[in-house]
Amino acid sequence: MTAAGIIMRLAHILLSAASFAVLASGAVWAGNDGGDSSGQAQVSAEPSTQRQHIRVLAASCAACHGTNGNSVGGTPVLSGLHPEHFSSQMQAFKSGQRASTVMHRHARGLTDSEIVQLAEYFYKQPRHQSALPPTAKPGSDMP
Ligand code: HEC
C-alpha cells in the first residue's frame, strides 16, 4: 500500500468513527428524549403526586403526633384511628365545635379532600405499642 493509500484509509476510518460518534450521540439523545416523555407521564400520573402531597402533609403532623401518628407524648395517637372519627374531629376543630389548643389552626389549613386522605393515610399506619413510653413505676424518677 502506498503512503497516500494509507492516509486515505486512515481518513476513511476517522470519518466513519466520527459519523459513528454522531449516530451514537444521536441515539443517546433520542434515549434521553424518551426518558423525558416518561418523566412527563409520571408528573401527569395524579395518584402518585397526590400520595406524595399527603405524605408531606402527614409528616408535618409528626412533630406533635409522632412518626406516622405514633405519638409518644401526650398528644393523641393518630395511627389506626378510624377514618370517620378522624374526619369528624378535624371538621369539629375547623368549625370550632371542638375546643382545641392548636388543632383548629392545623385543621383550617386543610381542604376537606386533604382531611379525608389524611384520615385514610393514618388509618393504614400500624400502631406501635413499643412507641409508647413504658409505664412509670411509682416512686421512680418522674418529676
Ligand atoms: C403543634 C402540635 C400539633 C401538630 C403539628 C398537629 N397536632 Fe393534631 N393534635 C394536637 C393536640 C394538642 C391535640 C389535642 C387537641 C388540642 O388541644 O388541640 C391534637 C388532636 C388531634 C386529633 C384528634 C384525635 C382524637 O382522637 O381526638 C386529630 C385527628 C389530629 N390532631 C390530627 C392532626 C393532623 C392530621 C395534623 C397534621 C396536619 C396534626 N394533628 C398536627 C397537636 C398537634
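At roughly what angle do the axes of H2 and helix H5 cross?

Guide: This is a predicted model, in which local features need pLDDT of at least 70 and side-chain atom pairs count only at pLDDT 80 or more, while totals for chains, interfaces and linings use all residues. Residues are numbered from 1 along each chain as its sequence is written.

The axes of H2 and helix H5 (residues 112–124) cross at roughly 75° and come within 10 Å. Axes here are lines fitted to C-alpha atoms, for helices over the stretch in contact, and angles run from 0 to 180 degrees between N-to-C directions. H2 is therefore roughly perpendicular to H5, a term for angles of 65 to 115 degrees. On the side of H2, the contact is made by Ile 54, Leu 57 and Ala 58; on the side of H5, Glu 114, Gln 117, Leu 118, Tyr 121 and Phe 122 take part. Two residues are in contact if their C-beta atoms, placed from the backbone, lie within 7 Å. The residues of this contact divide into six nonpolar, one polar and one charged. Ala, Val, Leu, Ile, Met, Phe, Trp, Tyr, Cys and Pro count as nonpolar, Asp, Glu, Lys and Arg as charged, and the others, Gly among them, as polar.

Both helices belong to a protein with five helices and zero strands; a helix is a DSSP run of H or I with at least four residues, a strand a run of E with at least two, and both are numbered from the N terminus.

A residue is buried if 20 or more other C-beta atoms lie within 10 Å of its own.

The most come from H2, with six residues. Of the 19 residues around the ligand, Cys 61 and Cys 64 are among those that come nearest; a residue is near a molecule if its C-beta atom, placed from the backbone, lies within 6 Å of it. The shell holds twelve nonpolar, seven polar and no charged residues.

Asn 68 lies in the loop between H2 and H3. Asn 68 counts as buried because it has 21 C-beta neighbours inside 10 Å.

Terms used. Angles under 35 degrees count as roughly parallel, over 145 as roughly antiparallel, 65 to 115 as roughly perpendicular and the rest as oblique. A residue is buried if 20 or more other C-beta atoms lie within 10 Å of its own, exposed if 12 or fewer, and partly exposed in between; C-beta atoms are placed from the backbone.
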